[in-house]
Amino acid sequence: MEQDQDTQYPEKPKPENGQSSAPKANFLTILRNAGFRNLWLGQVVSQVGDYFAFLATVVVVTGFSSDDQATTLAVAGMLIANSLPRLLFGMLAGVFVDRWDRRTTMIVSDLVRVVLALGFIPAFLSRNLFAMYALGFAMSTLGTLFLPAKGALIPKLVPKDQLLSANSLSQTSQMLSILLGPALAGFTLKLVGPGNEWAAFVVDSATFLISALAIRLIRVPIGQPGKVQAAAEVPTSGSRSKAGQVWGEMLVGVKMLFLNRTMATLAAVFGITMLGVGAVNVLWAVFLKIQFGYEGPELAWRFSLLDIVFAVGMMASTIAAGNLLSNLAPKWFIVISLVGVSFPLLIFGMLHDYWLVAAASAVMGIFVAPINTAAMTLMQIVVPNEQLGRVGGGLGTVIETATVTSMSLAGVLGAAVGVPIVFAGAGVMCMLGGLLALWRLPAVTLADKPEEAPEEAPTEQQAPAMHIEGILDPELPMVEV
């Protein structure tokens with residue numbers, strides 16, 4: 001693969017106090033970077049299309065049967081089909097993300113999804129529920145390649161002192177999808193009329209094509225190759241099967257995830273948090289129905305409004321974090337955010353005015369947004385780039401396992417103790433996650449990120465070691481196979 005390039009990043013001197021001497025990065029700084037700008041614009045279009053298609057899929061599936069129970073099972077099956085690949089393939093996908101050129105991986109993933117999105121049309125027209133499940137599963141499986149590749153490519157596109165701002169801006173694409181997706185879906189489905197919902201999948205297919213074209217325009221800077229030589233590509237003595245090589249590379253990622261103090265803490269923090277929050281995601285509609293008696297169309301628009309104010313809160317804090325607080329250690333974003341999220345969850349059951357619930361949802365959005373940005377930045381600081389795919393995929397597997405477990409128990413817990421108590425329990429779990437992060441996460445910044453030499457690849461016998469004080473426990477073994 002050719003190494004295209006516009007500019008090479010100059011080496012910045014590191015001040016003696018360990019703090020970054022560069023001015024705070026902001027969104028304008030990041031958007032001047034043509035490579036990152038192309039990635040971000042492609043993702044805005046693609047994720048808006050994804051959210052649009054998700055809503056359309058739910059609408060389509062609900063029309064397959066007039067029986068309420070069958071409809072509920074059909075929608076649940078669609079959600080499970082979308083969730084399972086992240087649970088099953090997260091770490092394995094990370095192995096191949098670390099082997100392959102990240103940009104090419106993303107382009108191919110998008111192009112295949114162009115075809116799969118169009119495949120929903122005959123599945124819809126024939127009312128083939130299992131084909132819908134299979135296509136949803138396949139689309140989500142490709143997403144397990146795309147997302148870690150994006151996370152690993154961002155550090156190659158921007159200087160390290162701009163990573164937190166870049167990750168913040170990257171996250172705005174998801175928020176824009178929440179804000180624009182429902183509007184686009186409602187307008188399009190109303191325009192085409194009943195029976196023509198298949199048009200949503202044409203739109204979704206087009207968004208993946210736009211994303212692929214935007215990523216194709218990305219030029220990786222000199223000295224920042226989009227491909228990292230994987231351990232399996234380094235000649236080794238003795239014979240080893242391909243499956244053995246893949247297993248060995250995956251084990252490197254597992255060890256980095258669970259033996260590195262920072263990553264092990266992040267996995268524990270998110271595992272604890274999502275065990276609580278996963279149930280909340282399932283019970284929102286039930287909460288509105290029980291607490292306020294909303295049903296039918298009124299329930300739909302009030303539920304959508306909570307999504308919108310939540311996204312507005314997320315957008316506000318993301319802009320603040322990416323433009324004003326880019327030099328703050330990621331640890332503090334995680335700690336403050338998790339503790340902040342816990343309070344709205346604790347009091348939701350006590351609120352008997354819908355507009356107070358909406359205000360609390362906006363506050364929750366303000367605190368939720370910085371969590372993913374900070375976690376991604378912290379991972380990019382402490383994990384060598386050649387392992388980011390595996391470690392990111394592994395962390396995603398931990399999160400998805402906790403989320404699916406919580407979602408599976410949501411109905412039972414809601415019936416047993418009441419929905420408000422489940423919400424309060426989720427608040428307690430977020431508080432515990434924040435306290436664990438306060439205790440165990442190091443307050444490292446982007447200035448502490450080691451300089452990596454891309455031309456020197458790690459071998460299976462000698463994985464790269466992190467030498468930032470406080471990140472690795474001295475008693476832990478090196479990350480190697």
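Biologist: Looking at the contacts in the chain with a separation of 6 or more, what percentage is down to residues 24 or more positions apart?

Modeller: That's 87% of them. Keep in mind that this is a predicted model. A contact here means heavy atoms within 4.5 Å.

Biologist: OK, and which kinds of secondary structure does the chain have?

Modeller: There are 14 helices and 0 strands. Read from the N terminus, the elements go α-α-α-α-α-α-α-α-α-α-α-α-α-α.

Biologist: How much of the chain counts as buried?

Modeller: Of its 481 residues, 52% are buried. The chain also has an accessible surface of about 20800 Å², and carbon and sulfur atoms hold 68% of that.

Biologist: What does Thr403 touch, leaving aside its neighbours within four places in sequence?

Modeller: Thr403 is in contact with Met274 and Gly278.

Biologist: Staying with α13, how do you describe the way α8 and α13 cross?

Modeller: Two packed helices are described by the angle between their axes and the distance between those axes. For α8 (residues 242–259) and α13, the axes come within 8 Å and cross at roughly 65 degrees. The crossing of α8 and α13 is right-handed. On the α8 side, the residues making the contact include Met250, Gly253 and Leu257. On the α13 side, Val391, Gly394 and Val398 are among them.

Biologist: Now the surface. Which residues form the nonpolar patch?

Modeller: Leu328, Trp332, Ile336, Val428, Leu432, Leu435 and Leu438 do, and together they have about 590 Å² of accessible area. Two elements, α11 (330–347) and α14 (419–440), each give two or more residues to the patch. The largest share, 4 residues, comes from α14.

Biologist: Where is Leu328 found?

Modeller: Leu328 sits in the loop between α10 (296–324) and α11.

Biologist: And what makes Leu328 buried, exposed or partly exposed?

Modeller: Buried is under 20% relative accessible area, exposed is over 50%, and partly exposed lies in between. Leu328 has 34%, so it counts as partly exposed.

Conventions
Residues numbered from 1 in each chain as written. Predicted model: local features only at pLDDT ≥ 70, side-chain atom pairs only at ≥ 80, totals over all residues. Heavy atoms only, no water. Patch = residues over 30% accessible without salt bridge, like charges linked within 9 Å, V, L, I, M, F, W, Y side chains within 5 Å. Areas by Shrake-Rupley, 256 points an atom, 1.4 Å probe, with all protein chains shown as cover. Salt bridge = Lys/Arg side-chain N within 4 Å of Asp/Glu carboxyl O. Buried < 20%, exposed > 50% of the residue type's maximum accessible area, 1.4 Å probe, protein only. Axes fitted to C-alpha atoms, helices over the stretch in contact; angles between N-to-C directions. Left-handed = near helix turned anticlockwise from the far one by under 90°.
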